[in-house]
Amino acid sequence: MRRYILSRLVQLVFTLFIVSLLVFFMVRLRGDPISVMAPPTFNQEQIERMREAWGFDRPLLEQYWVFLTRAVTGDFGQSIQARRPAMDLVLERLMNTYKLAAAAATLGLIIALPLGVISALKRNSFIDLLSTLLASLGTAMPSFWLGLMLILIFSVQLRILPAFGSLEPTAIIMPAVTLGVGMAARLSRLTRSSMLEVLNKDYIRTAHSKGLPRRAVVSRHALRNALIPIVTVFGLQLGWLLGGSVVVEAVFSWPGLGRLMIDSINVRDITVVQAGLFWFALSFALINLIVDLTYTIIDPRIRYE
Amino acid sequence: MAELTSKDNIVTIDAPQQLLSEPRRFDFLRALYTSPVGLAGFIIVTIVVFFAIFGTMISPFDPAENNLRARFQPPGFVNDDGATHILGTDQLGRDILSRIIAGSRVSVIVGVVAVMIAGTIGVLYGLIAGFFGGTLDAIMMRMVDALLSIPFIILVVAISGVVGAGLTTLILILGFTGWVTYARVIRGEVLKVRELEYVTAAYAIGQRRIMVMFKQILPNVISTGIILAATQVGVTILAESSLSFLGLGVKPPEITWGLMLADGRQYMGSAWWMTTFPGLAITITVLGVVFLGDWLRDVLDPNVR
């Protein structure tokens with residue numbers, strides 16, 4: 001087990017190395033990074049000063065080395081806009097995004113698990129068809145549009161929920177629903193198919209025939225065994241949630257990492273974008289590691305060597 | 001090679017070009033006819049593609065024409081000339097329906113071209129990694145893992161924010177970031193297929209490795225690529241609309257559904273139709289693509305439920 005975690009951590013380091021290359025060269029995709037980073041108001045002299053200050057006149061390899069050694073310590077440089085370390089800005093916003101993602105994931109699970117289980121138990125019933133339809137809609141709907149529709153209904157028409165910000169405790173409801181619906185749609189389908197597969201197994205028939213109540217069979221024998229693929233996809237979906245947060249935070253002006261990224265892109269505050277990308281990658285990789293370790297709890301048969 | 005049908009459960013169809021040849025076309029239509037979901041998807045996609053190609057001819061108004069005397073008019077509004085704006089008008093008095101028809105063009109172009117780029121890169125990448133295996137495979141797959149550790153939409157947001165937007169750039173960005181999914185799946189398929197007997201047979205009769213890769217293995221993994229591509233069209237259309245909505249994608253005067261929603265967002269309090277209908281257009285289109293993709297999967301790959 002310990003060796004497994006260790007090898008996964010080595011993998012993580014390699015992943016972050018590739019991400020660092022990506023983040024480094026992203027700014028240089030158009031050739032001169034100054035053309036991306038300098039505010040349009042800068043004159044030639046200011047641009048030259050900036051080029052020198054950022055070391056863009058040095059050899060590329062040296063630039064990358066400097067970038068990498070600093071990034072390892074969490075130093076992505078100063079935010080051009082806020083004149084503070086970019087990483088500080090990112091860390092300030094991080095919790096808000098995690099909070100939103102956690103709320104959305106919880107909501108997604110609360111909707112998806114019962115819906116999927118019921119669909120599987122009452123296959124081809126009205127509720128099964130309805131949930132299939134809703135799931136298709138949930139995957140096809142752009143999240144930002146769902147958000148706009150919620151605002152239209154609950155803020156503009158009914159005036160019961162705040163349309164943006166995070167000041168009121170109710171403000172998290174609409175962004176969380178917006179993010180959670182997509183997840184619920186994918187997970188409910190998967191729960192259904194996974195349950196259907198397990199329900200056909202011999203040990204379920206055995207459990208029934210030895211007289212266990214249906215409820216016990218479903219929850220203890222079937223659902224627990226159906227959970228493994230669900231956990232995998234749940235982990236992947238968490239990454240999707242982090243991604244979706246960029247768009248949803250923009251719709252609801254939720255002060256998280258996603259909105260910080262968009263705001264920074266709009267004012268060309270590239271160091272913040274780089275630090276943000278890095279955090280997204282790190283969060284996602286850690287989530288996947290945790291998900292893999294969770295398997296051992298759900299299914300004691302799985303042992304990592 | 002077309003006669004080769006494996007006894008294993010892995011490869012069940014012949015080379016896919018057969019699907020397009022005459023004897024199979026009848027089956028294709030009949031299969032479509034017997035599946036209501038597939039048929040619905042097919043009809044939706046056909047309509048959208050028709051709009052994209054012939055939109056200018058059937059559009060009731062000029063989608064770009066301002067009419068300041070008919071601003072913010074609700075659906076069903078009849079203007080001074082006696083013409084009806086079925087879905088209402090926007091802040092400049094432009095006809096929403098005509099703009100939705102015109103907007104289909106960008107969705108179709110981006111959906112098709114970006115997916116073709118991503119699919120080609122991804123399939124080749126997965127083919128090479130899976131076929132050669134060993135260290136090359138390990139390195140190539142680590143890179144894929146790293147790229148997958150950044151949520152797709154965040155990667156695209158960051159790159160298009162840095163590189164700058166526009167239709168062509170956007171297509172390139174979506175194409176050059178979207179291949180990762182194919183790479184991983186195709187590699188997995190190649191690993192299975194390359195162990196099959198007929199591949200050994202191809203070696204035995206003295207075919208060169210490169211020929212085996214392209215002539216024996218590629219045709220047998222391509223159907224997986226096609227199924228994946230079908231689902232990715234929906235993902236790509238959603239990504240394009242999100243980016244355009246955020247102001248990081250296609251720019252005005254180009255007409256896209258995402259941009260229409262960005263406009264509509266400003267006037268949610270007074271003109272609900274501006275946000276409702278373009279979003280519906282996206283949802284229905286993606287739903288059609290998803291349906292068609294599901295159906296395609298059932299037809300091409302009978303092993304998946």
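Which residue forms a salt bridge with A:Asp128? The views below come from a predicted model, and the first of them gives the partner.

**View 1. A:Asp128 forms a salt bridge with A:Arg189.** The closest N and O atoms of the two residues are 4.0 Å apart. A:Asp128 lies in helix H6 of chain A, and A:Arg189 lies in helix H8, residues 173–199, so the pair ties together parts that are 61 residues apart in sequence. Side chains of opposite charge can pair when their charged atoms come close. Over all chains, a search of the whole structure finds 20 salt bridges.

**View 2. Chain A is built from twelve helices and zero strands.** Along the sequence its pattern reads α-α-α-α-α-α-α-α-α-α-α-α. Taken along the principal axes, the C-alpha atoms of chain A fill a box of roughly 85 × 55 × 30 Å.

**View 3. Chain A meets chain B through 43 residues, in contact with 38 residues of chain B.** The area buried between the two chains is about 3600 Å². Carbon and sulfur atoms give 81% of that area. In chain A, the residues that lose the most area to chain B are A:Phe144, A:Trp145 and A:Leu148. Together they account for 16% of what that side buries. The size of an interface is often given as the accessible area lost when the parts come together.

**View 4. Several helices of chain A supply the side that touches chain B.** Each of these gives at least two residues: H1 (2–26), H6 (126–140), H7 (143–157), H10 (214–252), H11 (257–266) and H12 (270–298). The largest share comes from H10(A), with eight residues. By class, the residues of this side of chain A divide into 33 nonpolar, nine polar and one charged.

**View 5. A nonpolar surface patch of about 540 Å² sits on chain B.** Its residues are B:Leu124, B:Ile128, B:Phe132, B:Leu136, B:Ile210, B:Met211 and B:Phe214. Two elements of chain B give two or more residues to the patch: helix H4 (96–132) and helix H10 (209–246). B:Leu136 lies in helix H5 of chain B, residues 134–148.

**View 6. The peptide bond from B:Pro252 to B:Pro253 is cis.** Its omega is near 10 degrees. B:Pro253 is found in the loop between H10 and helix H11 (257–266) of chain B.

**View 7. A:Asn124 has a positive phi although it is not a glycine.** The phi angle is about 65 degrees. A:Asn124 is found in the loop between helix H5 (86–121) and H6 of chain A. H6 is also the helix that holds A:Asp128, shown in View 1.

Definitions and conventions:
Residues are numbered from 1 along each chain as its sequence is written. Chains are lettered from A and ligands numbered from 1 in the order in which they are written. This is a predicted model: local features need pLDDT of at least 70, side-chain atom pairs count only at pLDDT 80 or more; totals for chains, interfaces and linings use all residues. Side-chain values use heavy atoms; hydrogens and water are left out. Contact means heavy atoms within 4.5 Å. Buried area is the accessible area (1.4 Å probe) that two parts lose on being put together, summed over both. Helices (H or I, at least four residues) and strands (E, at least two) are DSSP runs, numbered from the N terminus. Ala, Val, Leu, Ile, Met, Phe, Trp, Tyr, Cys and Pro count as nonpolar, Asp, Glu, Lys and Arg as charged, and the others, Gly among them, as polar. Patches are made of residues with over 30% relative accessible area and no salt bridge: like charges are joined within 9 Å, nonpolar side chains (Val, Leu, Ile, Met, Phe, Trp, Tyr) within 5 Å. Accessible areas come from the Shrake-Rupley method with a 1.4 Å probe; for residues, only the protein chains shown count as cover. A salt bridge is a side-chain nitrogen of Lys or Arg within 4 Å of a carboxyl oxygen of Asp or Glu.
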